[in-house]
Amino acid sequence: MNPRPAPTFPDWPQFDDTERAALERALAQGQWWRMGGGEVNAFEEEFAEYHGARHALAVTNGTHALELALQTMGVGPGDEVIVPAITFISSSQAVQRLGAVSVPVDVDPGTYCIDVAAAAAAITPRTKVIMPVHMAGLMADMDGLEKLAADAGVALLQDAAHAHGARWRGRRVGELGSVAAFSFQNGKLMTAGEGGAVLFPDDERYESAFLRHSCGRPRTDRHYRHQVAGTNMRLNEFSAAVLRAQLARLDGQITVREERWPVLSALLAEIPGVEPQADDARADRNPHYMAMFRLPGWSEERRNTLVDRLVAAGLPAFAAFRAVYRTDAFWEINAPDETVDEVAARCPNAEAISADCVWLHHRTLLGSVPALTDAAAIVAELVRAG
Ligand SMILES: *Cc1c(COP(=O)(O)O)cnc(C)c1O
């Protein structure tokens, strides 16, 4: 149906001899876990420094990073955590796995990040944490959230799974004073297939996290003196070695994507009925994890058909996240004492975005301007036809 040749974009993940050498280096250590080797330690130092954080702790994946962060913030049964309704399910599942109630709130219709007024309205005496998600790399309104958190006496936990290298008014993720959790899953902006990290602004929560991510065992213990409840979330040496190489190429990739997004966004904005994700000038460095746009008024079926056609035309296109409360998983454990209709009624933007939002993989934004121009032309053609 589409005679236009498919534009080509770089592959993801990207790797070269740097990753190969890193893997050889980890292998040659003869110790492949963090307690014996040096790669995890070195990666943590480099990742913390890159984000201006006091400490980084590498873990098995981004979901565990959120769980561990919440645990060190004291979240457990009887507590509530406010999450944006539009996010990957882990933001909510991490809360629920700890026995706390996940309270989804509406997002901004333009940025798709948590709506500060909606978060404020959801605060109760049981609220312990507000968890903004920096959607597609665009920072949530950290000014509004920091004020709200301070006024309400609750903590912030940044779900920065999309936001490696992001900045808010010049401040890096680790300089914002709150704990932040990252993912290194295969599609993320730097990856070892799986992996995660938590940034800490203080020693106390970092030390607590270190113990808990290693079965409650102090670093130098040789006599099984497990001090606190924990589990094993340790990252292995191979993954850390690859992540050091991935971190070294992140800035160059961000520079390209920051140049390309305004080009693609302007082309998309010209298409009748298409609204690209809004920018926020205060989020002055955006690593662009996804190129997102909405088709306001479209039904979920119509959007899904469009995504199928975009994929058939050669674009790496996806339907955006379903609102977390529109999944069976959400209602299985530790959901709020509300019906799905009640939650939906207070999340009108999340309802619409669940149905009408599309995203293109960030490797699109590593492509050439002619390739992006072709991609936008394909979107225009198929939107008009659909
Ligand atoms: C990917 C992702 C996670 C979870 O990370 P994993 O490494 O896949 O466990 C959490 N939150 C958001 C917003 C994500 O996109």
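Predicted model: local features only at pLDDT ≥ 70, side-chain atom pairs only at ≥ 80, totals over all residues.
Helix α4 itself spans residues 90–97, and six of its eight residues are buried, so the rest of the structure largely encloses it. Those buried residues are Ser90, Ser91, Ser92, Ala94, Val95 and Gln96. After α4 comes glycine 99, with a positive phi near 90°.

Next up is a pair of packed helices, α8 (residues 237–269) and α13 (residues 369–385). Their axes lie 9 Å apart and meet at an angle of about 25°. With angles under 35 degrees counted as roughly parallel, α8 and α13 therefore run roughly parallel to each other. Their crossing is right-handed. On the α8 side, the contact is made by Arg260, Val263, Leu264, Leu267 and Leu268, while α13 brings in Val369, Leu372, Thr373, Ala376 and Val379. Sorted by class, that contact of α8 with α13 comes to eight nonpolar residues, one polar and one charged.

Then there is an open sheet of four strands, which are ordered β10-β11-β13-β12 and pair in antiparallel fashion. At the edges sit β10 (275–276) and β12 (317–319), each pairing on one side only. Strand β12 is joined by three bridges to β13 (residues 357–361), and the two run antiparallel. As for who pairs with whom, alanine 317 has leucine 360 of β13 as its bridge partner.

Notes:
Residues numbered from 1 in each chain as written. Heavy atoms only, no water. Axes fitted to C-alpha atoms, helices over the stretch in contact; angles between N-to-C directions. Parallel < 35°, antiparallel > 145°, perpendicular 65-115°, else oblique. Left-handed = near helix turned anticlockwise from the far one by under 90°. Contact = heavy atoms within 4.5 Å. Nonpolar A, V, L, I, M, F, W, Y, C, P; charged D, E, K, R; others polar. Pairing = 2+ DSSP bridges. Buried < 20%, exposed > 50% of the residue type's maximum accessible area, 1.4 Å probe, protein only.
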